[in-house]
Amino acid sequence: MTFNDIFKSDFLNNITSVSILDMIIALVLAFGIGIFIFLVYKKTYTGVMYSSSFGTTLVALTMITTVVILAVTSNVVLSLGMVGALSIVRFRTAIKEPLDIAFLFWSIAVGIVLAAGMIPLAIIGSVIIGIILLVFVNKKSHKNPYIVVLRCDSHESETKAKSFLDGKTERCVVKSKTAQQGLVELNLEIRLKDDNTDFVNELAAMDGVQSAVLVSYNGDYMG
């Protein structure tokens, strides 16, 4: 093969550049590993609203990447054109969860590795990554922060409620305070001593406390 032969692009010759068996094996494996990635994503999701369409996207992205890389590896001219085409694509969908980026790159990486013929690396690597994510993401800790939204009718009831929370929690810090005529609203960050949240019922039943709301906080925090 000469240098000029590499850059020849004949449509009929390209039909047989990738065998049917290679296509089937690559796509079946991509689908299987994509389903595995989807299941790991479903098990490790910690956000507020679960999106099933994102899980489906992970499966499709794995297979699409496999198809693209199979085409690129079979034709140098096509690979150059593919780079130019993908360079002008702009995706504007916001990624709300940082962990979602890891799943997107995982799907893309598996598609690339499978199309390159490194099947053991794709399978074993995916299994190891999935186990690590399942262990670390689902690891529960009683130190996770919570937010208590507290509404009181006076300074005295506010002080009493704050003292009650100090005794029931490991840590209690006032994050914000809003004072109006006959109403004091507090947002407090707390760290629980255990899984028991019955203290919120006792807090809401205290004299002068109008309402008490406990919210799990999954965002970034310091300390």
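This is a predicted model: local features need pLDDT of at least 70, side-chain atom pairs count only at pLDDT 80 or more; totals for chains, interfaces and linings use all residues.
User: Is the crossing in which α3 passes α6 left-handed or right-handed?

Analyst: Residues are numbered from 1 along each chain as its sequence is written, and side-chain values use heavy atoms, without hydrogens and water. A crossing is left-handed if the near helix is turned anticlockwise from the far one by less than a right angle, and right-handed if clockwise. The crossing of α3 past α6 is right-handed.

User: How is α3 oriented relative to α6, roughly parallel or roughly antiparallel?

Analyst: Their axes (lines fitted to C-alpha atoms over the stretch in contact, with angles from 0 to 180 degrees between N-to-C directions) come within 10 Å and cross at roughly 165°. Angles under 35 degrees count as roughly parallel, over 145 as roughly antiparallel, 65 to 115 as roughly perpendicular and the rest as oblique. Therefore α3 and α6 are roughly antiparallel.

User: How many residues of the contact of α3 with α6 are charged?

Analyst: The contact (heavy atoms within 4.5 Å) includes Ala-26, Ile-33 and Tyr-41 of α3, and Asp-100, Trp-106 and Ser-107 of α6. Ala, Val, Leu, Ile, Met, Phe, Trp, Tyr, Cys and Pro count as nonpolar, Asp, Glu, Lys and Arg as charged, and the others, Gly among them, as polar. The division here is 13 nonpolar, 2 polar, and, as charged residues, 1.

User: Are α3 and α7 roughly parallel or roughly antiparallel to each other?

Analyst: Helix α3 (residues 20–44) packs against α7 at an angle of about 5°, and the axes are 10 Å apart. The two helices are therefore roughly parallel.

User: How many residues of the contact of α3 with α7 are nonpolar?

Analyst: Among the contact residues are Ile-25 and Lys-43 of α3, and Ile-123, Val-127 and Leu-134 of α7. Of the residues in this contact, 3 are polar and 1 is charged, while the nonpolar ones number 12.

User: At what angle do α6 and α7 pack?

Analyst: α6 passes α7 in a left-handed crossing. The contact includes Phe-103 and Val-113 of α6, and Leu-121 and Ile-129 of α7. Helix α6 (residues 98–115) and helix α7 (residues 119–137) have axes 9 Å apart, and the packing angle is about 165°.

User: Which element has the highest mean pLDDT?

Analyst: The mean pLDDT of the protein is 80, and 76% of its residues reach 70 or more. Helix α1 (residues 3–6) has the lowest mean among the elements, 52, and the highest, 92, belongs to α7.

Notes
Helices (H or I, at least four residues) and strands (E, at least two) are DSSP runs, numbered from the N terminus. pLDDT is the predictor's confidence in each residue, from 0 to 100.
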